[in-house]
Amino acid sequence: MLPGLNLPVSLAGLLVVLRPVFTGPSFRTFCGLAAGLCGQVRRRTVCGMLAGAGLGRCWPHDRAHYFFARAAWQLDELGLAVARLVAALLVPAGEPLVVAVDDSVFRRCGRRVYGAAWQHDGSSPAKNKLSFGTCFVTAGIVVALPFCSRPACLPVLARLHVPGRGRQGRKARRQAAAASTVTTAAALVTLLAGAFPGRTVHVVADAHYHGPALRDLPSGVTWTTRLPKNAVLYQLAPPRVRKPGRPPRKGPRLGTWAEMAASASWTPGTVHIYGRDQGEDLAEVTCLWYGCLDTRTVRVILARDTATTLALVTTDLAASAAALIERYAARWSIEQAFADARNILGAGEARTRVRRAVERTVPFAMLIHSLVIIWYARHGYDPEDIENRRQAEPWYHAKPGPAFEDMLTKLRRTMIAARISGSSPADPEPAQIRAVLAAWHAAAA
């Protein structure tokens, strides 16, 4: 398909599904850069992707830079194409989609990097939790892989969030507020729900993701998040009666969730979170969060154990309290996706500076992260992978399933064996891959 690049048939079959998003030349460049990002083990810059694909002498480097900075393809269209692939291959037909949303800062340096600023970064080693970099709001589909004990999040849509600066003036601050991370997340979820008409979308997010932007979500979307400590809740509005004046929009004040927990009726229950069954005392109240969601009915779910109390607010009026807690616990998978994309795949290492390239490079890497998981789930999984990892690294004696690093390693070995096999059109067999590895070990001995 590409000069100097032999892709395994299994990987090429996944990439060709995304062909309608690109023009012919852009699609060939996309395949080369995707393979190069997966194959590169050192600096994952734009030119590093060419080197990882073995195309450093075949293509000029400006071809790769042009793909991110000026080529005619739309990031949202590519993300929706990957989302349809995830839903078709990894989510049971007709089942609701569980979507996790969050933002992450990818550290950068330099004054001329578009969108880079000092902003809060939960993963920063600094005491003040600030980092200089670019922030991306991301929506990922949470799936249950049959060979993993924990859910996996596959990022599908991401947008750059540019924070407002205090010296930009009142108008600029209003524009920055209008484009907050919550507004961006709501726009991504609305776009994703439009791609799956008639299908329910359950969104989970951390405590930061609440606000008036959630009032206009599509009817098939539910939103579950942590309830802030200072949120004031109210009873539902009383029935309308015939008397002068505007009817009340809310009922009597219930108070904060801490005040509600003091007088709640608790029921013992069991929830399956973080790979284990855990006993919790559960309580729920149907009410209004008037200051945030106006008159939309919500449920407050309270769960307490011997250590702490969890308070969730959700617009899902049908799921059980235990199911909502389990769904919210699956939100942590997007944090793991950020860590894997950044530390293993190299998302954020590209040194792009202009606006369009900055907006595309990190989401491109996160989409490749999703494609690696799809490829492994469909074509790469082998029960021997875990046993081989345990033998190579015996301290992983309790390793229950493959991590993203195992999936990427398997794909790299398959790509290398396909490249060595030359014109062979089929996927390399496990015996071929083991033969290549044995030859490497013998050469290094």
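Biologist: What makes Arg63 a residue that lies over the face of Trp59?

Modeller: Arg63 lies 3.8 Å from the ring centre of Trp59. A charge sits over a ring if NZ of Lys or CZ of Arg is within 6 Å of the ring centre and within 35 degrees of the ring normal. The charged end of Arg342 likewise sits over a ring, that of Phe106, at 4.6 Å from its centre.

Biologist: On what basis are such values given?

Modeller: This is a predicted model, in which local features need pLDDT of at least 70 and side-chain atom pairs count only at pLDDT 80 or more, while totals for chains, interfaces and linings use all residues. Residues are numbered from 1 along each chain as its sequence is written, and side-chain values use heavy atoms, with hydrogens and water left out.

Biologist: How many aromatic pairs does the rule give?

Modeller: The count is 15 aromatic pairs. Rings of Phe, Tyr and Trp (its six-membered ring) pair if their centres lie within 6.5 Å; planes under 30 degrees apart are stacked, over 60 edge-to-face, and the rest tilted.

Biologist: Why is the pair of Phe67 and Phe364 called edge-to-face?

Modeller: The ring centres of Phe67 and Phe364 are 6.2 Å apart and the planes stand at 75°, so the pair is edge-to-face. Phe67 belongs to helix α4 (residues 61-69) and Phe364 to helix α12 (residues 355-380), 297 residues apart. Helices (H or I, at least four residues) and strands (E, at least two) are DSSP runs, numbered from the N terminus. Both Phe67 and Phe364 are buried, which is to say under 20% relative accessible area, with exposed over 50% and partly exposed in between (1.4 Å probe, protein chains only). Ring pairs also join these two with Phe22, Phe27, Phe30, Phe68 and Trp73 in a cluster.

Biologist: Why is Gln119 counted as buried?

Modeller: Its relative accessibility is 9%, so Gln119 counts as buried. Gln119 is found in strand β2 (residues 117-120).

Biologist: What lies 3.4 Å from a polar atom of the Gln119 side chain?

Modeller: The backbone oxygen of Ala117 does. A polar contact is a pair of N or O atoms within 3.5 Å; within protein, one must be able to donate a hydrogen and the other to accept it, and residues adjacent in sequence count only if both atoms are side-chain atoms.

Biologist: Which residues of α5 are buried?

Modeller: Among them are Leu75, Leu78, Val82 and Leu90.
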